[in-house]
Amino acid sequence: MSTPLKVAVAGLGTVGGGTVRVLREQAGLIEKRCGRAVRLVAASALEPPPGLDLTGVQWFGDAVTMARETDADAVVELIGGAHGIALKVCETALANGRHVVTANKALLAHHGTELARVAEGRGLTLAFEAAVAGGIPVIKALREGLAANRIVEIHGILNGTCNYILTRMRKEGLEFGAVLADAQRLGYAESDPSFDIDGIDAAHKVAILASVAFGCPVRFVPDNVEGIRHVSAVDIKYAELLGYRIKLLGIARRAGDILEQRVHPCLVPEGAPIATVDDVFNAVTIVGDFVDRVVLVGRGAGAGPTASAVVADLIDIAAGRRSPTFGVPVDQLDPIEPVPLTARRGAYYLRLMVRDEVGVLAAVAGALSQSGVSIAKFFQDERAPGEKVPVVMTTHDTLEASMQKALEIIAGLGPVLEPPRLIRIEQF
Ligand SMILES: NC(=O)c1ccc[n+]([C@@H]2O[C@H](COP(=O)([O-])OP(=O)(O)OC[C@H]3O[C@@H](n4cnc5c(N)ncnc54)[C@H](OP(=O)(O)O)[C@@H]3O)[C@@H](O)[C@H]2O)c1
């Protein structure tokens, strides 16, 4: 009879509580699947949560002490935060010869490569399936299932809060602020929602995905991140008229020595599978050179889906299955740097609010052509001479730097009454 894998959990909130429940309720199934029991032996949080059965589990008031002194084989970090206590728990667990499982994308985006180096150096696992897209097994899909492929590109709806807000804006014709307030009231958005709506959370996840997909160090690139605050109901309406939906996407793409890694709202063709993924659901599409396109959809958050991913990692550890943390050993990661957003080449949606007067459209067209940008489609569906009207256009593929140059000129034109709104178009 094999000895059980002993597990200590740090943090017993949404994901920690879910993990404890899955370990208890699925104990028989888990044991059959990995050939040994996976047993919770220790736990730590600020307070023992009421209603969670911790019978027979050693309680630690301090998670770092637990990571050091527990006799567990694996420590699960579910506290959160990019630095501080979460980092100390992981470092202490690894230093004391324990495997680490975490759902903490912020921590991995900032310290993933170093933690992986320590883990691999000691023959330990650092596992993080739950950190990206919650219940969707995208890390395993990339690292194991698609291991025979050179990955070409990844597009992901990686933040359920943003997807929920954009979905309701589209379906109900509401403005961003109204839906955000409602989402906060319903518990779909935090009281401080900036991490989600400004794209930071998705950027942490895309940094992890890029590393696993392309075998490079994990790099959080804040300059390549734009959130959804500026998306308005009118843009969603025009996008629909043009045959697109607006989604916040995390994008990672590698072509030779060029690595793109960015997060921003995108116009996505309405026929693309990812365009139909609504509400709090997440989706990831992966293109590999032999497999072609793979689409994964599921719940990106919540106790059950996230704990499902955490426990899957524990099952791998119990079964002795281990891959290099980011697909290749840390000392073989390719130190390629993501290019800046200005290097993007693609099509753009542009909306201007202009005073409807003679010559304004010619001036806008002049600014675009002077910057080397050519217009693909153009329309202005309301006419009200002397008043503010929206003017919408899409461009042919062009360099983002050219687009930014054109926008600077356009923003300075007298009849252009609001900052131009630019949304990148992603083709699938
Ligand atoms: N929620 C999701 O659906 C989801 C999905 C994917 C990934 N994640 C990630 O999973 C992690 C946990 O998220 P969560 O939503 O479960 O957070 P949460 O509900 O806020 O739970 C955090 C837990 O950590 C405990 N804690 C806080 N400070 C601590 C300390 N100094 N020492 C020990 N325990 C401490 C809290 O204790 P008290 O309750 O006593 O304050 C609580 O039990 C985060 O990294 C998050 O990004 C979450």
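**Close-up 1. Pairing of strands β1 and β4 in the predicted model.** Strand β1 (residues 5-10) runs parallel to β4, and four bridges join the two. Within this pairing, Val7 stands opposite Ala74 of β4.

Close-up 2. Val75 has Val100 in β5 as its bridge partner.

**Close-up 3. Side chains of strand β4 (residues 74-77).** In a regular strand, side chains alternate between the two faces of the sheet. Ala74 and Val76 point one way from β4, whereas Val75 and Glu77 point the other way. All four of these residues, Glu77 included, are buried.

**Close-up 4. Asp279, a residue other than glycine with positive phi.** Most residues other than glycine have a negative phi. The phi of Asp279, by contrast, is near 55°. Asp279 is found in the loop between β9 (258-269) and β10 (281-288). Its relative accessibility is 30%, so Asp279 counts as partly exposed.

**Close-up 5. Asp292, with positive phi in a strand.** Asp292 is not a glycine, yet its phi is positive at about 70°. This residue lies in strand β11 (residues 292-299). Asp292 is exposed because its relative accessible area of 52% is over the 50% cut-off.

Conventions. Residues numbered from 1 in each chain as written. Predicted model: local features only at pLDDT ≥ 70, side-chain atom pairs only at ≥ 80, totals over all residues. Heavy atoms only, no water. Buried < 20%, exposed > 50% of the residue type's maximum accessible area, 1.4 Å probe, protein only. Pairing = 2+ DSSP bridges.
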